[in-house]
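Please examine the sequence and the three-dimensional structure shown below. The paragraphs that follow lead through them step by step.

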Protein chains: 2
Amino acid sequence: MQAEIIAVGSELLTSQRLDTNSLYLTDQLNALGVEVVTKCVVGDDRDRLADSIRRAFRSAQIVIITGGLGPTEDDVTRDAVAQALSRKQRFHEEIAGQLEERFQKMGRKMAEVNKRQAFIIEGAEILPNDRGTAPGQWIDEAGASLLLLPGPPHEMKAMFTLQCLPRLESRVPKLAIRTLVMRVAGMPESDLDQLIAPVYKKYENPVTTILAAAGDIQVHLRARCGTEAEALALLAEVAAPIGQLLGDRIYSRNGEPMEAVVGELLRQHRAPVSVAESCTGGLLAERLTSVPGSSDYFEAGFVTYTRRLKAELLGVTTNPLVSKETAEAMAVGARQRTGSTYALSTTGVAGPGQGGETAPVGTVYVAIADESGSRVSHRQFLGDRDRIRQFTTQMALDMLRRRILGL
Amino acid sequence: MQAEIIAVGSELLTSQRLDTNSLYLTDQLNALGVEVVTKCVVGDDRDRLADSIRRAFRSAQIVIITGGLGPTEDDVTRDAVAQALSRKQRFHEEIAGQLEERFQKMGRKMAEVNKRQAFIIEGAEILPNDRGTAPGQWIDEAGASLLLLPGPPHEMKAMFTLQCLPRLESRVPKLAIRTLVMRVAGMPESDLDQLIAPVYKKYENPVTTILAAAGDIQVHLRARCGTEAEALALLAEVAAPIGQLLGDRIYSRNGEPMEAVVGELLRQHRAPVSVAESCTGGLLAERLTSVPGSSDYFEAGFVTYTRRLKAELLGVTTNPLVSKETAEAMAVGARQRTGSTYALSTTGVAGPGQGGETAPVGTVYVAIADESGSRVSHRQFLGDRDRIRQFTTQMALDMLRRRILGL
């Protein structure tokens, strides 16, 4: 079975915005055994969109349209679909009522223009949206299915996963596609590839893909087999030698991000953590607390940007501020102030350089303190402010992971 | 003038790869005054690609195809274009000779399959490729231009910039395109639209686009005029009444994000800030410090996730933890501990609910403290953990902006 994805929105035709919904949908469709054969971005232009929809219907059995379901004049998806399929739209009192209720709950009056969202194409099934105002619609015609989904990713994902996936599963011929994701910290992409290529190149199935971000590499193995058992056995066969080559640099074998892996270790060991940040400016605390339930093990964070407050809040009197000694003193100070089992600290120069720095941009010190004392690591990273901050937090979390596991 | 971009390659239909060529081309075309109206990714399928090319020709005066010009069987662009335009291809001895020469220079023998790259569509002009093996092709038909460019970005960019841009410049009517971006905090998208639609609907030029994220709305006005002065005057004409309607809810008139706007205000007023966070877990500090140079005005952040550390680090003894009183006590405590001019605080339930919460998911209190005392705001947000945290930080930063400006 083949699918086409159409993202609607003039803003997605600028160089500042990318349609990322299609990436998520592609993964989901592929996992079902459905191939994505075309994807398009179309601006807020009804005729052009209607034309694209007609063409998509000719070439794919599943057509997914994201975006353009909002309340404003430039939201043209409903009208374009009605035009392409020569169907009428009907105003749906119940949806209008639900919209009004939603606004009331938030203590606001609904603007009249929101009623546009209560129009449903004749013959369409309504896909309720519990995360936003625009309901989705599902239309079957001539053996093909047309799905209208909202543009905001969190709304689209919830609607697709909970409401569309089960229906698609019952229609798509069974093919087991299973993916195994290993994640690796602290290794350059090219080194990793050189190490494991001799293994994965022997296999056309599973397909291996390597994705690199700042300090974080993902190795995706994707197997397509007749049954789930076959797919899983094949994945295990290829993952075993890769696992041996990468060893404890693999921090996750199920795709979980570092902050979730470290969080689970802290929970298991009943060992709370606190952090003291300079160059990462709160990002380390933010990553740790982005995990639901992190209040079980995260106790406190300090972001100390001045010399005075490093001294007053953490008792740091070392010099210079970007140094081994300061990183260790920050970690030790944070642990003393909070009583946490572990404390992490970061200090460095995230840039861009503005003169007056005592170290080059990208210089970073990360320290960890626990009952046995403290240790520190030093790195020189390349990249912009955001990347250096990402690298640094990844390095800090990996230090904590290794300390807990005794590596 | 309008353009469509088609990227060819099945690998661009996976979730691991993105077509980035179109971003570069969009910028280049926009700068010329050419609008990109659709962009597509099509797999290595001749019929499907030919169909897309036909449709593009109907709707755009410039059609750019990138990729699929290589030597292998799955490089189908030449064949698809010939099919779509009903033109023949001719083998070009001279190009074949140049290819062979290129391989010789690299000390390699040319594989027979490379000769496929010497086929040129009848009537096409050849665009030599000095960075790779696949020549580009330029075809004019029925008042439209079709450009076949290689897929590798460095080859595509060189060919487009050096060979295509000068030709396009001589054909495209001179146009100045200028954009004005206003950003608004604390207003639902539909309310904003209802308020300003009567203004922007009077104009087809500039084009108005409204983009909404958690607590942050962007109003883009994009003017196309004969000269830059005309474009700027037109933008000013439309921005003035919109500005009056939205008033001080507009926090930025040049597209800058809230953290940069607030940072600049703090810098101007020589008024340092500190923060105390609970539900936002470091995100508020992270946003403030993500701005280069923020060490000039950001002093310190506390992330206090436990009752004990709220008391020890900030002197907070109020109850319950998610309340007006706690938010105010956190802000006052952070200001006292740091001596900053301003202190912001957040406390709330970011969810997902796990039972045991004293307030519903999405309940948020944000407080600000300064020399005159403290004030607190309360909101009930909808959405997932990440969205609630985004909403909350936006609300906190906007409170600070309003306080500094005396609004």
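Predicted model: local features only at pLDDT ≥ 70, side-chain atom pairs only at ≥ 80, totals over all residues.

How are α8(B) and α12(B) oriented to each other, roughly parallel or roughly antiparallel? Helix α8 of chain B covers residues 258-268, and helix α12 of chain B covers residues 385-405. The two pack at an angle of about 30°, and their axes lie 10 Å apart. Angles under 35 degrees count as roughly parallel; α8(B) and α12(B) are therefore roughly parallel to each other. The crossing of the two helices is left-handed.

The residues that form this packing can be located in both helices. From α8(B) come B:M258, B:E259, B:V261, B:V262 and B:L265. In α12(B) they meet B:Q394, B:L397, B:D398, B:L400, B:R401 and B:I404. By residue class, the contact of α8(B) with α12(B) comprises 7 nonpolar, 1 polar and 3 charged residues.

Attention now turns to chain A as a whole. Its secondary structure consists of 12 helices and 17 strands. Along the principal axes, the C-alpha atoms of chain A fill a box of roughly 75 × 60 × 40 Å. Chain A has 407 residues, of which 47% count as buried. Among its contacts with a separation of 6 or more, 66% are between residues 24 or more positions apart.

Helix α11 of chain A, residues 324-338, has 15 residues. From its first C-alpha to its last it reaches 21 Å, close to the 21 Å expected at 1.5 Å a residue. This helix, α11(A), is mostly covered, with 11 of its 15 residues buried. Among the buried residues of α11(A) are A:T326, A:E328, A:M330, A:V332, A:R335 and A:T338. Just after α11(A), A:G339 adopts a positive phi of about 75°.

The last step concerns the contact between the two chains. Chain A contributes 62 residues to this contact, and chain B contributes 62 residues. On the side of chain A that touches chain B, the elements giving two or more residues are the helices α1 (21-32), α2 (46-59), α9 (283-289) and α10 (307-314), together with the strands β2 (35-42), β10 (207-213) and β14 (298-304). The residues on this side of chain A divide into 24 nonpolar, 23 polar and 15 charged.

How values were computed
Residues numbered from 1 in each chain as written. Chains lettered and ligands numbered in written order. Helix = DSSP H or I, 4+ residues; strand = E, 2+ residues; numbered from the N terminus. Buried ≥ 20, exposed ≤ 12 C-beta atoms within 10 Å, placed from the backbone. Contact = placed C-beta atoms within 7 Å. Axes fitted to C-alpha atoms, helices over the stretch in contact; angles between N-to-C directions. Parallel < 35°, antiparallel > 145°, perpendicular 65-115°, else oblique. Left-handed = near helix turned anticlockwise from the far one by under 90°. Nonpolar A, V, L, I, M, F, W, Y, C, P; charged D, E, K, R; others polar. Expected span 1.5 Å × (residues − 1).
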